[in-house]
Amino acid sequence: MSKLSDNLLKFRRKHGLTVSQVADFTDSTADEVIDWEEGKRTPTSEQIERLSELFNVDKETLRGDNDNNSFSFHFNSNDNDDDNHTSRGMSDADYARRQNAKRWYKFPYPMICIVVFLLVGFICKAPDGSSLWHPMWMIFLTIPMYYGIVTSAVSQRWRSFPYPILCLLVYLIIGSIWNIWGWGLLIFLTVPLFYWITEGSVKSIWARFSYPLLCVIVYVTLGFIFGTTWWHPGWLIFLTIPIFNSIVTMFRKK
């Protein structure tokens with residue numbers, strides 16, 4: 001374990017905080033906080049800043065840069081730690097969700113998708129007599145959706161939901177059925193909007209909002225829709241990017 005992970009556990013216990021309380025303050029999940037303390041993952045710079053604010057220490061102290069001696073809080077990172085979950089600051093509800101997630105993660109959903117794909121491909125036929133091998137491959141897009149939904153349900157945070165995969169699946173379905181590939185691209189405009197809404201506080205929402213990506217999507221989409229009449233004046237939309245960043249920076253400093 002690193003000094004950072006040792007310090008996170010030490011300061012959390014010193015302040016009498018639970019894993020869930022730390023997760024709420026840092027816009028993370030209880031599982032992420034546990035991984036930080038076990039040295040499996042490292043918090044982002046923004047999360048470290050929030051942690052230092054929560055524990056009332058500077059970032060250097062939290063990282064252990066000013067400490068030549070490591071702390072003696074060492075634990076095994078195996079599954080046996082769950083048996084003593086209260087010592088980790090986990091509530092019974094968090095522990096139950098974590099254990100329930102392990103069961104759902106072990107569910108052989110990918111194997112079920114393969115079996116369904118083969119059965120439908122060999123047995124079923126489309127109304128025109130053609131096989132269903134081609135459209136049925138889209139069932140495999142539900143695999144990352146399945147694990148994303150499980151993670152989202154366990155962490156109780158919408159940002160873990162695999163919304164881009166859902167958009168891709170919907171786009172392919174409506175494109176294959178109604179042949180609206182061009183206009184269907186508009187659904188991808190909702191991807192940054194989804195993460196913008198689910199990222200947490202107002203300041204963090206605007207800081208993480210992918211405005212340049214939104215400009216690219218709008219520019220390309222409207223270019224395909226309106227053709228040559230849009231491509232030339234449409235590039236002016238990119239001039240709004242530094243304006244947007246300046247406004248966000250101004251409000252974050254307040």
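Author: Start with a loop. Asparagine 179 sits between α10 and α11 (181-184). This is a predicted model.

Reader: Why is asparagine 179 called exposed?

Author: Its relative accessibility is 57%. Exposed means over 50%. Asparagine 179 therefore counts as exposed.

Reader: What is its phi?

Author: Asparagine 179 has a positive phi of about 55°, although it is not a glycine. Most residues other than glycine have a negative phi.

Reader: Where is asparagine 56?

Author: Asparagine 56 is in the loop between α4 (45-55) and α5 (59-63). Its phi is positive too, near 60°.

Reader: What makes asparagine 56 count as exposed?

Author: The cut-off is over 50%. Asparagine 56 has 69% relative accessibility, so it counts as exposed.

Reader: Why is isoleucine 114 called partly exposed?

Author: Buried means under 20%, exposed over 50%, and partly exposed is in between. Isoleucine 114 is at 37%, so it counts as partly exposed. Isoleucine 114 lies in helix α7 (residues 109-123).

Reader: Which residues form the nonpolar patch on the surface?

Author: Met111, Ile114, Val115, Leu118, Leu119, Phe122 and Ile123. Together they have about 700 Å² of accessible area.

Reader: How do you know that α10 and α12 are roughly antiparallel?

Author: Take the axes of helix α10 (residues 163-178) and helix α12 (residues 190-198). They come within 10 Å and cross at roughly 155°. Angles over 145 degrees count as roughly antiparallel. α10 and α12 are therefore roughly antiparallel to each other.

Reader: Is the crossing left-handed or right-handed?

Author: α10 passes α12 in a right-handed crossing.

Conventions:
Residues are numbered from 1 along each chain as its sequence is written. This is a predicted model: local features need pLDDT of at least 70, side-chain atom pairs count only at pLDDT 80 or more; totals for chains, interfaces and linings use all residues. Side-chain values use heavy atoms; hydrogens and water are left out. Patches are made of residues with over 30% relative accessible area and no salt bridge: like charges are joined within 9 Å, nonpolar side chains (Val, Leu, Ile, Met, Phe, Trp, Tyr) within 5 Å. Accessible areas come from the Shrake-Rupley method with a 1.4 Å probe; for residues, only the protein chains shown count as cover. A salt bridge is a side-chain nitrogen of Lys or Arg within 4 Å of a carboxyl oxygen of Asp or Glu. Helices (H or I, at least four residues) and strands (E, at least two) are DSSP runs, numbered from the N terminus. Buried means under 20% relative accessible area, exposed over 50%, partly exposed in between (1.4 Å probe, protein chains only). Axes are lines fitted to C-alpha atoms, for helices over the stretch in contact, and angles run from 0 to 180 degrees between N-to-C directions. Angles under 35 degrees count as roughly parallel, over 145 as roughly antiparallel, 65 to 115 as roughly perpendicular and the rest as oblique. A crossing is left-handed if the near helix is turned anticlockwise from the far one by less than a right angle, and right-handed if clockwise.
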